[in-house]
Amino acid sequence: MGKLAVLSLAVVALAVFIGERLVTLRHVALSYRELTQNYLPNCHLIKGIECGSEDITIIDDGLAFLSTGVKAPGLPFCSDDPGKIYTLNLLDSEPKIKALSIKGDFDQDTFNPHGISVYTDDKDGTMYLFVINHPRGNSQVEIFEFVKDEHALKYIKTIEHELLHSVNDIVAVGTESFYATNDHYFSNEILKIVENFFTLPWCDVIYYSPETVQVVADGFLLANGINLSLDKRYLYVSDVLKHTVTVLEIKKNTVLSRVKEINVGSLADNIELDRESGDLWIGCHPNGFKFMLGDPNDPPGSEVIKIENIHSEKPLVTQVYSDNGSVIIGSSVAAPYRGKVLIGTVYHKVLLCDRK
Ligand SMILES: [Ca+2]
Ligand SMILES: [Ca+2]
């Protein structure tokens, strides 16, 4: 075969390969999806948050913690200001955000908070806030004590580890132990794009304690949200690019067994639980391409999915809310509390709805 023929074959093979990848990525990103509006009653935007509240978690007494202002490479963001943690009391008649001050030797100028989790120590009731932080593009976990009387976070320590290389979300299971998801295998930004282009299932879940650090689950395309069941027996992990939530049973801290995978039909991000029913509420990205582009003239929408009876034979997956981006752009979390739900976004606003 002549050189020209070999070259022509190579070009055709490459074109076919790239074409196949683009078709696959379109499916993975759900870019063909048409979203119909499905609104909740009594919704209003929370004043004071314009640049994202990627993760939100609510404690028993109705106090919500909001992780705001995350900046991720490749994603739109609207402010250079450092991130902040706010609270908002859902039992107030007109809930308002209030920034938590940070005390101790902590670099607030590079604070870039992402996933969060609250852990209460049964022994003395002390509450700890665990925060995924990306200062200067790094990945690390910050542990703070929540000092309620002073409305402050007291800095305790930073945890860095080679296995915590691209951490996205976290669920604390002790005063110094947690599970966390890595949303990429590579840390290098270009290799991350390659990883997504080839849709490699190389993401994992890490268990961390001062004694042990190890991978406890793997095979995710893009592991993202993580949370515990109310009885703390199961771990739930969302896979954005697979549109699923995986249920893992905790046999021992470091021994998990895969129970099932539930398709939610959307790019699933953070998972929060209804503290009464145990239902999973998932902030989702209905269209991955629009989410990455963040074009204000053709904005990505928002979607909230609920999973009921997840441990039964037939879990019920329903859409609770959807919007084409005219109200709220790029939802990443939906935290329920007694009939209310707080919907947060990666780089836009926060919506509070009261379903009663
Ligand atoms: Ca989370
Ligand atoms: Ca997340």
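## Strands β19 and β20

In this predicted model, strands β19 and β20 (residues 280–285) run antiparallel and are joined by 5 bridges. One residue pair can be picked out by name: Ala268 has Cys284 in β20 as its bridge partner.

## The sheet around them

β19 and β20 belong to an open sheet of 4 strands. The order is β19-β20-β21-β22, and the pairing is antiparallel. The edges are formed by β19 (267–273) and β22 (316–323). Each of these two has a single partner strand, so one of its sides has no neighbour in the sheet. On average, neighbouring strands of this sheet are turned by 25 degrees against each other, direction ignored.

As background, strands of a sheet pair through backbone hydrogen bonds, and the pairing is either parallel or antiparallel.

## The annotated binding site

An unreviewed UniProt entry carries the annotation "binding site" for Glu54 and Asp169. The two residues are spread over 116 residues of sequence, yet they cluster in space, with a largest C-alpha distance of 10.0 Å.

## Glu54

Glu54 is located in the loop that runs between β1 (43–45) and β2 (55–58). The residue is buried, because 28 other C-beta atoms lie within 10 Å and 20 or more are enough for that class. Leaving aside residues up to four places away in sequence, Glu54 touches Ser67, Val70, His114, Ser332, Val333, Gly344 and Val346.

## Asp169

## Gln214, an exposed residue

Gln214 sits in strand β14 (residues 213–220). Gln214 counts as exposed because it has 12 C-beta neighbours inside 10 Å, and the class takes in residues with 12 or fewer.

Not counting residues up to four places away in sequence, Gln214 touches Tyr207 and Thr254. Gln214 and Leu163 are 51 residues apart in sequence, while their C-alpha atoms are 7.4 Å apart in space.

How values were computed: Residues are numbered from 1 along each chain as its sequence is written. Chains are lettered from A and ligands numbered from 1 in the order in which they are written. This is a predicted model: local features need pLDDT of at least 70, side-chain atom pairs count only at pLDDT 80 or more; totals for chains, interfaces and linings use all residues. UniProt positions are given in the numbering used here, feature names are shortened, and annotations may be inferred rather than shown by experiment. Two residues are in contact if their C-beta atoms, placed from the backbone, lie within 7 Å. Two strands pair if DSSP finds at least two bridges between them. Axes are lines fitted to C-alpha atoms, for helices over the stretch in contact, and angles run from 0 to 180 degrees between N-to-C directions.
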